[in-house]
Amino acid sequence: MDAKVITHNMSLSPTLAQWRSLRLKPKHTFVVGVLARPSDNITEETLRKTTVYNDNWFDKLAINHLSKSVQAATGISNNKSGFDSLVEAATVASQKFNTIQQQEIILDALDRAFPKPILSVIRRVMPPSKIAREYFAVFTTLFCAWLLGPCEVRESEVNGKREKNVVHIKKCRVLEETNCVGICTNLCKMPSQIFIKDSFGMPLNMVPNFDDMSCEMIFGQEPPSSTDDPALKQPCYKLCKAKKNHGTKCLT
């Protein structure tokens with residue numbers, strides 16, 4: 001598939017980010033999305049086929065911790081285990097709450113999952129810089145594959161120079177398990193961008209490709225506004241599990 005990159009020159013105005021006191025940034029050029037074929041072109045075989053994961057003890061510990069944090073944030077627990085428990089917690093959040101509430105729930109869950117003193121120390125010792133951007137990319141690739149799926153560090157251009165500040169997720173584990181665009185955008189992309197910016201002062205733009213379920217996390221790049229983000233205009237997959245099983249309107 002030939003992908004095209006769209007760029008815009010505009011001032012950012014993310015509504016949810018404004019609620020959490022994010023400052024508006026000056027105008028500059030940035031990537032806002034990757035054009036892919038419409039989701040209706042994705043075959044049912046692609047959606048039904050999922051990667052088999054053999055989680056180690058660290059993976060299971062991290063999955064359980066995040067799942068419990070999401071359950072605590074929603075106030076709704078489940079009896080499942082492993083990654084199924086995390087998927088169930090996310091699915092329940094997508095069913096019971098509107099899109100803004102979903103994003104706030106994940107922000108609450110992340111606040112519960114990561115001790116604030118540690119986040120504050122990291123922010124002080126690693127202010128935004130090339131080293132910090134590349135560090136976050138490497139750290140995410142090494143320690144977050146249990147959530148994201150297999151990923152690798154890639155380069156992008158920052159201020160006219162090449163940096164290894166991009167995490168390329170080959171096939172997102174959450175999106176693969178749920179087949180739900182709404183869960184991807186409302187329970188992963190949007191709150192993750194805000195959490196990283198709020199916690200570390202590090203801009204993050206997550207660019208999912210719904211055609212092949214890959215994604216790029218670009219550290220140091222401001223995301224587009226919610227009204228201009230292609231990811232927020234993506235229609236549901238035909239086999240969206242949340243929509244099929246629960247009649248959920250995932251994107252509204």
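Let's start with confidence: along this chain it is lowest in strand S1 (residues 4–10), with a mean pLDDT of 41, and highest in S6, at 97. Across the chain the pLDDT averages 82, and 75% of the residues score at least 70. Two stretches call for some care. Residues 1–15 have a pLDDT below 50, and this stretch has 43 contacts in the model beyond near neighbours in sequence. Residues 21–41 also have a pLDDT below 50, with 62 contacts in the model beyond near neighbours in sequence. Where pLDDT is low, predicted coordinates should not be read in detail.

With that in mind, let's turn to a pair of helices. Helix H3 (residues 57–74) and helix H5 (residues 99–113) have axes that come within 8 Å and cross at roughly 130°. That angle makes H3 oblique to H5, and the crossing of the two is right-handed. Which residues bring them together? On the H3 side you will find His65, Leu66, Ser69, Val70, Ala72, Ala73 and Thr74. These meet Ile105, Ile106, Asp108, Ala109, Leu110, Arg112 and Ala113 of H5. Sorted by class, the contact of H3 with H5 consists of nine nonpolar, three polar and two charged residues.

Four strands form an open sheet in the order S3-S4-S6-S5, and their pairing is antiparallel. At the edges stand strand S3 (151–158) and strand S5 (204–209); each has a single partner strand, so one side of each is left without a neighbour in the sheet. On average, neighbouring strands of this sheet are turned by 30° against each other, direction ignored.

Helix H7 (residues 130–143) lies across S3, strand S4 (161–169) and S6, and runs at about 20° to S4. Helix H10 (residues 181–200), in turn, lies across S5 and S6, running at about 160° to S5.

Technical notes. Residues are numbered from 1 along each chain as its sequence is written. This is a predicted model: local features need pLDDT of at least 70, side-chain atom pairs count only at pLDDT 80 or more; totals for chains, interfaces and linings use all residues. Side-chain values use heavy atoms; hydrogens and water are left out. Axes are lines fitted to C-alpha atoms, for helices over the stretch in contact, and angles run from 0 to 180 degrees between N-to-C directions. Angles under 35 degrees count as roughly parallel, over 145 as roughly antiparallel, 65 to 115 as roughly perpendicular and the rest as oblique. A crossing is left-handed if the near helix is turned anticlockwise from the far one by less than a right angle, and right-handed if clockwise. Contact means heavy atoms within 4.5 Å. Ala, Val, Leu, Ile, Met, Phe, Trp, Tyr, Cys and Pro count as nonpolar, Asp, Glu, Lys and Arg as charged, and the others, Gly among them, as polar. Two strands pair if DSSP finds at least two bridges between them. pLDDT is the predictor's confidence in each residue, from 0 to 100.
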